[in-house]
Amino acid sequence: MNTAVRQQNSDLVWNLEKINQHKRAMSFVKQFENRFCVFSSSVRQLYTNYSIFFPEEAHRQMVILPDPYAFHDTFSYLNPDAVSSTGLHVIPGNLIGKQGLYLVISHKDKKVRSVPIPFQEGMRQILRRSNSDDPFLPVLMKGDLREFNDKLPCLHLHRLRLKELTGLSSLERESIRTVITDKLMDLYQQSSTFNLN
């Protein structure tokens, strides 16, 4: 099965070779399974229902397997230009001597210091914008599981812009907004129970 996924879509096979704390990264990302949608630019699809696997035979790889019985949970024909990097990272609080999850923006200019904000506060701000003309809709892409400052695992977030999905109907765009927003609401409510050790 993993070989089939690899042949069809290499965007769903993430190489974790550069991650030092492998086991920690695995448990960290598993907590976000099905909570963020995953975008594949090579096949122009957004996966909203998937499982995360770490195949033993494939050293240090993570495989995202879309649910084969829930094809309606996959959105197709998305313009890859509609997804952009944000520099926004979800980090475990113990990176900065705190409890829980935090959001932090990493700037290209290392002199600019970003102030981490508690994850739930950040999610609240994102959710407040969800019904605007330009909502902030976070998604994951291959390579978004990283190590922050070469220390602990973190997740980088990409952003999907609805306005750029010109090939989709307004109903499809609204469905994407709804599914991402519903997942964010669930994540907002559940994040305080995450085990980040």
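**Close-up 1. C37 in strand β2.** C37 sits in strand β2, which covers residues 37–40; strands here are DSSP runs of E with at least two residues, helices are runs of H or I with at least four, and both are numbered from the N terminus. This is a predicted model, in which local features need pLDDT of at least 70, side-chain atom pairs count only at pLDDT 80 or more, and totals for chains, interfaces and linings use all residues. Residues are numbered from 1 along each chain as its sequence is written, and side-chain values use heavy atoms, with hydrogens and water left out. With 1% relative accessibility, C37 is buried (under 20% relative accessible area, with a 1.4 Å probe and protein chains only). Beyond its neighbours within four places in sequence, C37 has contacts (heavy atoms within 4.5 Å) that include Y47, V139 and I180. Look also for L137, 100 residues away along the chain, whose C-alpha atom is 9.5 Å from that of C37.

**Close-up 2. N9 in a loop.** The loop holding N9 runs between α1 (2–8) and β1 (13–15). N9 is buried, at 4% relative accessible area. A polar atom of the N9 side chain lies 2.9 Å from the backbone nitrogen of D11. Setting aside neighbours within four places in sequence, N9 touches S40, S42, V43 and Y47.

**Close-up 3. Helices α3 and α4.** Here α3 (residues 119–128) packs on α4 (residues 170–190), their axes 10 Å apart. Residues meeting across this pair include F119 and M123 in α3, and L184 and Y188 in α4. The residues of this contact comprise eight nonpolar, two polar and one charged.

Methods. Buried < 20%, exposed > 50% of the residue type's maximum accessible area, 1.4 Å probe, protein only. Polar contact = N/O pair within 3.5 Å; in protein donor to acceptor, adjacent residues only side chain to side chain. Axes fitted to C-alpha atoms, helices over the stretch in contact; angles between N-to-C directions. Nonpolar A, V, L, I, M, F, W, Y, C, P; charged D, E, K, R; others polar.
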